[in-house]
Amino acid sequence: MSEQPAGTTTEPEFKRVTTTVVTGSATDAPYHVDVKAGTHPLTADEPARRGGSDSGPEPFALLLASLGSCTAITLRMYAERKEWPLDTVRVRLGYETNGARGRITRRVALSGALDEAQRARLLDICERTPVTLALGSGVTIDTTEDRA
């Protein structure tokens, strides 16, 4: 076992969680891209008002969909584990910017015979979903060229 100098810590090794491939072509609609998220094909585009062909959700809508999906899934898993009577979860999200900074608003509707303590706990869990933590921590993005 190697020793480290006092006061230093070793960051855990990164492990790949998921992969996505996005492909766009100059011969297609101007901003249309094909997305392969794991084994699932998706499409993204810009709305017509921004020069796209509106053939799929815009990138920020996909970001919000990721956060909302993670929120709903995490809450369902938690309630299931606790055997709480959570029937449905609806998550409404919006992205806003003032030009310098952005923020996401998230409104969560819970249905089922939940008591107030259970509702409060589920709303608290929203702040600890994996995508919430990734976005809130300011995930590092390492970019390199992948030459064909």
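Biologist: Is T10 buried or exposed?

Modeller: T10 has a relative accessible area of 57%, so T10 is exposed. This is a predicted model, in which local features need pLDDT of at least 70 and side-chain atom pairs count only at pLDDT 80 or more, while totals for chains, interfaces and linings use all residues. Residues are numbered from 1 along each chain as its sequence is written, and side-chain values use heavy atoms, leaving out hydrogens and water.

Biologist: Where is the place of T10?

Modeller: Elements are DSSP runs numbered from the N terminus: helices are H or I with at least four residues, strands are E with at least two. T10 sits in the segment before strand 1. Its C-alpha atom is separated by 38 Å from that of R119, which is 109 residues apart from T10 along the chain.

Biologist: Which residues does S111 touch?

Modeller: A contact means heavy atoms within 4.5 Å. Not counting residues up to four places away in sequence, S111 touches P85, L86, D87 and T88. T129 lies in the loop between helix 2 (116-126) and helix 3 (130-136), and is buried because its relative accessible area is 0%.

Biologist: How many salt bridges does the structure hold?

Modeller: Side chains of opposite charge can pair when their charged atoms come close. The criterion is a side-chain nitrogen of Lys or Arg within 4 Å of a carboxyl oxygen of Asp or Glu. The structure holds seven salt bridges. In one of them, R106 is paired with E127, the closest N and O atoms being 3.4 Å apart. This pair links distant parts of the chain, with R106 in strand 5 and E127 in the loop between helix 2 and helix 3, 21 residues apart. R106 is partly exposed at 22%, as is E127 at 47%.

Biologist: Which other pairs are worth looking up?

Modeller: R103 and E96 meet in a salt bridge at 2.6 Å, N to O. R103 counts as exposed at 54% relative accessibility, whereas E96 at 34% counts as partly exposed. R147 pairs with E145, with the closest N and O atoms 3.1 Å apart, and both residues are exposed. E46, R50 and E58 are linked in a network of salt bridges.

Biologist: Which residues form the nonpolar patch on the surface?

Modeller: Patch members have over 30% relative accessible area and no salt bridge; like charges are joined within 9 Å, and nonpolar side chains (Val, Leu, Ile, Met, Phe, Trp, Tyr) within 5 Å. Here F60, Y95, I104 and L135 form the patch, with about 330 Å² of accessible area together. Such areas come from the Shrake-Rupley method with a 1.4 Å probe, and for residues only the protein chains shown count as cover. I104 lies in strand 5 (residues 102-112) and is partly exposed, at 31%.

Biologist: How many residues line the largest pocket?

Modeller: Rolling a probe the size of a water molecule over the atoms shows where empty space is left. On a 1 Å grid over the protein atoms alone, a pocket is an open set of points where a 1.4 Å probe fits, with protein on both sides within 12 Å along at least five of seven lines; lining residues have an atom within 4 Å of a point. The largest pocket is lined by 26 residues, of which T18, T20, S66, A134 and V139 lie nearest its centre. Strand 1 (20-24), strand 2 (33-37), strand 3, helix 1 and helix 3 are the elements giving two or more residues to that lining. About 1600 Å³ of space lies in this pocket; grid points are joined across faces, edges and corners, and the volume is the space filled by probe spheres set on the points.

Technical notes. Buried < 20%, exposed > 50% of the residue type's maximum accessible area, 1.4 Å probe, protein only.
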